[in-house]
Amino acid sequence: MSPYILTILLLGLGLGTTITFGSTHWLLAWMGLEINTMAILPLMAQHHHPRAVEATTKYFLTQATAAAMLLFASTTNAWLTGEWNIQQMSHPVPITMIILALALKIGLAPTHSWLPEVLQGLDLTTGLVLSTWQKLAPFALLIQIQPDNTMLLVSLGLLSTLVGGWGGLNQTQLRKILAYSSIAHLGWMMLILPFSPTLSLLALLIYITMTFSTFMTFKVNKATTINALSTSWAKAPVLTSLTPLILLSLGGLPPLTGFMPKWFILQELTKQELAPTATLAALSALLSLYFYLRLSYAMTLTLSPNNLSGMTPWRVNSNQLTLPLATTTLMTIALLPLTPAIMALLKL
């Protein structure tokens, strides 16, 4: 792809997200989401592979459905209440419709089935954008709505954590595993959103950091399946030894960074007298932890049955950017000691 076209598309992505961030009117928010969707479609289909084209088509149809539902719900709200302001939603029917539309946009269960299929058809870089940046604009709208009926968000969140855990158990494709990981993490964010939006935002930022590190690790190893991970020792030994820590941080295992948001979320759910919900969410995290352990085992404790032909991979200079990978890996592994400072900063 031409660098000029790539620059325009990336600026379009940023513009769409920024418009949604800064909007208080539903039509402007909808416009930002549409610009965002239109900007990423060429990036998804740039390789002209049948799977990429199929993934792009699925993504377009899903996002168009969610956008139409969002527009219909905001128009219904204006008809019922005479109000277009995002933060002054009062009628339960349009609020429910908008939450479901935004759930479809980001891939929350039970509207999640498109996400693993779409992510499987993309290359790792575009998949990273889809898993991180594309979540920001709908999430900003969810934070602004703040519905009175918290049961809908809690139900969606709990279902997403369970589906994200169960769905990833029998997968061998890394991109599908990361898609189910995304569904599970979004479920944790939705669980706590009605009670503590700042905590939900913290979980989103840490999820983006961990996912960036994971995608970049697989990109350096050129791995898209679990079996391909077994050749990583010969390609990047130091990175291979650090990768299990990244994966276990995604699973929320102490003393790694990923434990921090789950710890806070379980604590807050208990304060809200939702102990059964917190218990189910904690048990669903064990399911996710299992398939992260599978990846760690495949990467560190197994060797490829085939000898690597050609020049030894560790003598070939990699053209991958290592500074972003090093920075996010450090943040993914070592932020837990800063928990008191983060609590003071966010006033948790």
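**Close-up 1. A salt bridge between Glu117 and Lys58 in the predicted model.** In this predicted model, the side chains of Glu117 and Lys58 form a salt bridge with an N to O distance of 4.0 Å.

**Close-up 2. The salt-bridge network around Lys58 and Glu117.** Glu54, Lys58, Glu117 and Lys176 are joined in a network of salt bridges, and a search of the whole structure finds 3 salt bridges. Within helix α3 (residues 50-81), Glu54 and Lys58 are 4 residues apart, about one turn of the helix, and their side chains meet in a salt bridge at 3.0 Å, N to O. Glu54 is partly exposed, with a relative accessibility of 43%. Lys176 and Glu117 also form a salt bridge, in which the closest N and O atoms are 3.5 Å apart. That pair again links distant parts of the chain, with Lys176 in helix α9 (residues 174-192) and Glu117 in helix α5, 59 residues apart. Lys176 has a relative accessible area of 18%, and because buried means under 20%, this residue counts as buried.

**Close-up 3. The contact between domain 1 and domain 2.** The chain is divided into domain 1 (1-125) and domain 2 (149-305 + 321-347), and 18 residues from domain 1 and 21 residues from domain 2 take part in the contact. Together the two domains bury about 1800 Å² between them, of which 75% lies on carbon and sulfur atoms. Leu108, Gln120 and Leu124 supply 36% of the area that domain 1 buries against domain 2, more than any other three residues. Across this interface there is 1 salt bridge, and 5 residue pairs are in polar contact. On the side of domain 1 that touches domain 2, α4 (92-106), α5 (114-120) and α6 (124-131) each supply at least two residues, and α5 gives the most, with 5 residues. The residues of that side divide into 11 nonpolar, 5 polar and 2 charged.

Close-up 4. Asn36 is found in helix α2 (residues 26-44) and, with a relative accessibility of 3%, counts as buried. The side chain of Asn36 is joined to that of Thr17 by a polar contact of 3.1 Å. Beyond its neighbours within four places in sequence, Asn36 is in contact with Leu13, Gly16, Thr17, Trp133, Gln134 and Ala137.

Technical notes:
Residues are numbered from 1 along each chain as its sequence is written. This is a predicted model: local features need pLDDT of at least 70, side-chain atom pairs count only at pLDDT 80 or more; totals for chains, interfaces and linings use all residues. Side-chain values use heavy atoms; hydrogens and water are left out. Domain bounds come from an automatic or database domain assignment. Contact means heavy atoms within 4.5 Å. Buried area is the accessible area (1.4 Å probe) that two parts lose on being put together, summed over both. A polar contact is a pair of N or O atoms within 3.5 Å; within protein, one must be able to donate a hydrogen and the other to accept it, and residues adjacent in sequence count only if both atoms are side-chain atoms. Ala, Val, Leu, Ile, Met, Phe, Trp, Tyr, Cys and Pro count as nonpolar, Asp, Glu, Lys and Arg as charged, and the others, Gly among them, as polar. Buried means under 20% relative accessible area, exposed over 50%, partly exposed in between (1.4 Å probe, protein chains only).
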